[in-house]
Structures are given as structure tokens and as C-alpha cells.
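Hello,

Here is the structure I promised to pass on to you. Have a look at it first, and then read on for what turned up in it.

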Amino acid sequence: HAAAHHYRFQLGEMCSLNAQAQSITLSPLIDEEGTQVLPEREIHYDQLVLAVGSVSNDFGTPGVAEHCYFLDSLKQAERFHRALLNQLIRINQQEDKDARIDVAIVGAGATGTELAAQLHHVANLSKAYGMPDMSASRLKITIVEAGERILPALPERIANSARKALHKLGVDIKEQTMVAEADAKGLITKDGGRIDADLMVWAAGVKAPDFITKLAL
């Protein structure tokens, strides 16, 4: 791809930036055995474009970092997948057929709404994977949105259609509801209400990675 589009590719992680010298430094590249593959490297530039993506923004809400799952990376997604699987197994084995999994998703953008629909699908699909007593009827999903409506970046017509589809799946949507705190057992809203949850996913906005603020730009 680089040869076809006239650019050079360097594998590495940027560890520092010198705006005055117009250069960036890449950390040494280390393999899985701890052996250095490439030494520290300095790359000079005329124009610098930082396209490093984004991470979830918890807005400093107490308890969120400790108790909520994020989906910024493959590692985080795999961590949530394991936790969800454990909850499915737990519920499937319980004799109380009214027992359920409570999932709270904070943020009703594209990520939050699509996740809610996919979780409903996964719960039904689990029957085919050794969990005959599991279904979406044993999964309670709540979407919490601080804004006036879900999918605020899309036209209201599309948001209304998505809301109807989610309601049809049994998803509880709480709009104009701000989360003030999270603890091990659920979310506490700004008005003092409580949303109990076994699993909490934070998908309420993004920000630039923290290291950007430390660069001398």
C-alpha cells in the first residue's frame, strides 16, 4: 500500500515530539522475547498530522473508570466479552428462571444503540452454544442518554425509527438522564435515581488520548 501510494511506513510508537526541530522520536521496537528489533529512531517532518484516534471520555465521573467497561481497543472489547460470557453462563445455570442479567449502557450514540441490539441477538444465539436456558428474555438492557434523544448526530426521523426498534427488543431507554456516579452495583443518576446493573458499558463520548496534552505543540 505504501509503495502504491507514495509514502513510507515505519513500525513503532511515538514517544516524544520536538516541534522546534520538527521531529518525532519512536521508541525502540521490542519483540515478544524482549529482544530489541529496532533502536530508537528520529523522524523529521515538514508537516505533521496526528491521526491517533480517540478514547472514551468519562468526564471525570466518579467510579466510571473502576466499574464500567470501555470499548476503545481490542483488549477492552475482549475483557467485556469475557465478562458477558461469564454472566450468560451464570444465569443459564441458575434454577430460578426469572433471574436475569442487567446491562446498562451509558451513551446512546451509534456505539451504544448498536451494542444494545447486538446484545439482544447474542443472548438468543447463546442457546446454540451450550446454554439452552438462556434467551433475550433473561437480559434487561438499559440505555442512558444525557441528551434529549438517542442518536443525536443523525436526523430525528432515523432516531425515532431506531427508538421504536429498540423498544420492540425490550430495551429501556432513559433520555435526558445524566449519570453522576458509578459503583460496583450500578449507576447513580444526577437526580438521585439508581440503575442497578451487573454489567456497565461507557459509550458516552470520546476525547483525544491523554498523551496529546503532554506534547509541546
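Let me start with a hairpin: strand 1 and strand 2 form it, with 4 residues between them. In the turn, Gln22 has a positive phi of about 55°. Please keep in mind throughout that this is a predicted model.

One of the pairs brings Asn18 together with Ser23, its bridge partner in strand 2. Strand 2 also pairs with strand 5 (residues 41–44), again in the antiparallel sense and over 4 bridges. Ser23 turns up here too, standing opposite His44 in strand 5.

Which residues of strand 2 (residues 23–26) are buried on each side? On one side they are Ser23 and Thr25, and on the other Ile24 and Leu26, so that both faces of the strand are covered.

Next, the helices. Helix 2 has 20 residues, and from its first C-alpha to its last it reaches 29 Å, close to the 28 Å expected at 1.5 Å a residue. Its buried residues are Phe80, Ala83, Leu84, Gln87, Leu88, Ile91 and Asn92. They pack against strand 7, helix 3 and strand 13.

Helix 4 (residues 156–168) agrees with expectation as well: its 13 residues should span 18 Å at 1.5 Å a residue, and its end C-alpha atoms are 18 Å apart. Buried in helix 4 are Ala159, Ala162, Arg163 and Leu166. Because they cover an arc of only 105° around the axis, they sit on the same side of helix 4. The cover over these buried residues includes helix 3 (110–125), strand 8 (139–144) and strand 9 (172–174). On the face turned away from the buried side, helix 4 carries the exposed residues Arg157, Lys164 and Lys168. After the helix comes Gly170, with a positive phi near 90°.

Take Phe80: leaving aside neighbours within four places in sequence, Phe80 is in contact with Tyr69, Leu71, Leu115, Leu119, Leu199 and Val201.

Gly63 is 124 residues away from Leu187 along the chain, yet their C-alpha atoms are separated by 9.1 Å. Thr189, also in strand 11, counts as buried at 6% relative accessibility, since the cut-off is under 20%. Its contacts, with neighbours within four places in sequence left aside, are Thr177, Met178, Val179, Ala180 and Ile195.

For contrast, consider the loop between helix 2 and strand 7, where Glu95 is found. Is Glu95 buried or exposed? Glu95 is exposed, with a relative accessible area of 76%. In sequence Glu95 and Asp133 are 38 residues apart, while in space they are 9.7 Å apart, C-alpha to C-alpha.

Finally, the cysteines. How many disulfides does the structure hold? It holds 0. A disulfide, as a reminder, is a covalent bond between the sulfur atoms of two cysteines. Cys15 is partly exposed, with a relative accessible area of 42%, whereas Cys68 counts as buried at 2% relative accessibility.

Best wishes

How values were computed
Residues are numbered from 1 along each chain as its sequence is written. This is a predicted model: local features need pLDDT of at least 70, side-chain atom pairs count only at pLDDT 80 or more; totals for chains, interfaces and linings use all residues. Side-chain values use heavy atoms; hydrogens and water are left out. Helices (H or I, at least four residues) and strands (E, at least two) are DSSP runs, numbered from the N terminus. The expected span of a helix is 1.5 Å times one less than its number of residues. Buried means under 20% relative accessible area, exposed over 50%, partly exposed in between (1.4 Å probe, protein chains only). The arc is that of the directions from the helix axis to the C-beta atoms. Contact means heavy atoms within 4.5 Å. A disulfide is a pair of cysteine sulfur atoms within 2.5 Å. Two strands pair if DSSP finds at least two bridges between them.
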